[in-house]
Amino acid sequence: MLLKTFRWAFAVTGLGLVAGVLYDGWTALGLVAVLAVLEVSLSFDNAVINAGILKKLNAFWQKIFLTIGILIAVFGMRLLFPVVIVAVTARLTPPQAVHLALTDKDRYQELVTDAHPSIAAFGGMFLLMIFLDFVLEDREIKWLGPVERPLARLGRIDMLSVCVALGVLLVTSMTFAAHAHQHGGGHADKAQTVLVSGVAGLITYLIVGGLSDFFESRLADEEAGERAGQRSEDAGAGRPAVALAGRAAFFTFLYLEVLDASFSFDGVIGAFAITNDIVLMALGLGIGAMYVRSLTVYLVRQGTLDDYVYLEHGAHYAIGALALILLVSIQYEINDIVTGLIGVTLISASFHSSVRRNRAARR
């Protein structure tokens, strides 16, 4: 099962490492390997969240996620995204941005770094909304009861998550503007960009997530009568009785892709701390993305989220931490090791809590 699920990730790893050596010698092999580890460590929580959503889809859309979805994740976000960012911010054509990335790597890195505030604001707000909607929902299973019970009561207030997110964004942009003004105003004009980008991230979440929920509810209502009292074979594997298809599955797939894009922001920006070579970044981050996708499938097929019920909680807390780190990184530099360790620590803690819960239930 393990070999079958990860076979494509292993194959891409071999091809990517060989391509790195052919491109820039043995030093490139080490850089590609480090970038792949960076991507996996920063995106493990992404795999857990993706698994919770992917298990809702039928077999066809799961295959779409693993084929077209991986192309979008690897080539779209890890290769084209940095080029598009530079093209937009520097007002270049995509071919000019690619030429700059290959011929003047220092200038290319500088342009991507300049675009970081808007990237972090968009991704941070999108991820913050995911976290807030999770912790403000009254769930039957609670991991940190003293924290989650009062938050669930507060969640009864309509649109509270949106209000909190907008408040955080307003404080972030005002702090950024005040800091820029205090230090000579070099980035004062970017405060408005941060605000606009953050609102765009919030709107994107509301539109994509809202459409996904709408069509999912419609599909569930239509099939409730037909499947009442029945349990599909997939239910035993951790899937719901109604496997999403059609428009519901499409918008859920779209939501997954936007979610993956938001998670990839910190990996792409953090990669510049290791190398400013766009080819090596694409190879290393692409390999890491393949492992994240394979891990997502493994979690779904093994029913891991049903066996270890607190894993999803830990992943969402890691998302909340990542969202705040992205917003803070607009003004302050934060080491990617810190980001990765926070996510791994929270997920590990939730896993051990799940193990203890399962042992207590067997007694």
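A residue is counted as buried when its relative accessible area is under 20%, and in this predicted model L38, with a relative accessible area of 12%, is therefore buried. L38 belongs to helix α1, which spans residues 2-54. Although L38 and L285 are separated by 247 residues in sequence, their C-alpha atoms lie 7.9 Å apart in space.

The largest nonpolar core comprises 66 residues, and within it the most contacts are made by F126, L127, I130 and L259. At least two residues of this core come from each of α1, α2 (59-89), α5 (116-135), α7 (160-182), α8 (190-227), α9 (246-271), α10 (278-302) and α12, with α5 giving the most, namely 12 residues. When neighbours within four places in sequence are left aside, I130 is found in contact with Y205, Y255, L259, H316 and I319. Another core, of 25 residues, lies apart from the largest one, and among its members are V268, F272, M281 and L285.

Helix α12 (residues 311-328) packs with helix α13 (residues 336-362) at an angle of about 160 degrees, the two axes being 8 Å apart. Since angles over 145 degrees count as roughly antiparallel, α12 and α13 are therefore roughly antiparallel to each other, and the crossing of α12 past α13 is right-handed. On the α12 side the contact is made by L311, G314, A315, Y317, A318, A321, L322 and I325, and on the α13 side by T339, I342, G343, L346, I347, S350, F351 and S354. By class, this contact of α12 with α13 contains 11 nonpolar and 5 polar residues, with no charged residues.

Terms used. Residues numbered from 1 in each chain as written. Predicted model: local features only at pLDDT ≥ 70, side-chain atom pairs only at ≥ 80, totals over all residues. Heavy atoms only, no water. Axes fitted to C-alpha atoms, helices over the stretch in contact; angles between N-to-C directions. Helix = DSSP H or I, 4+ residues; strand = E, 2+ residues; numbered from the N terminus. Parallel < 35°, antiparallel > 145°, perpendicular 65-115°, else oblique. Left-handed = near helix turned anticlockwise from the far one by under 90°. Contact = heavy atoms within 4.5 Å. Nonpolar A, V, L, I, M, F, W, Y, C, P; charged D, E, K, R; others polar. Buried < 20%, exposed > 50% of the residue type's maximum accessible area, 1.4 Å probe, protein only. Core = buried A, V, L, I, M, F, W, Y, C linked by side-chain atoms within 4.5 Å.
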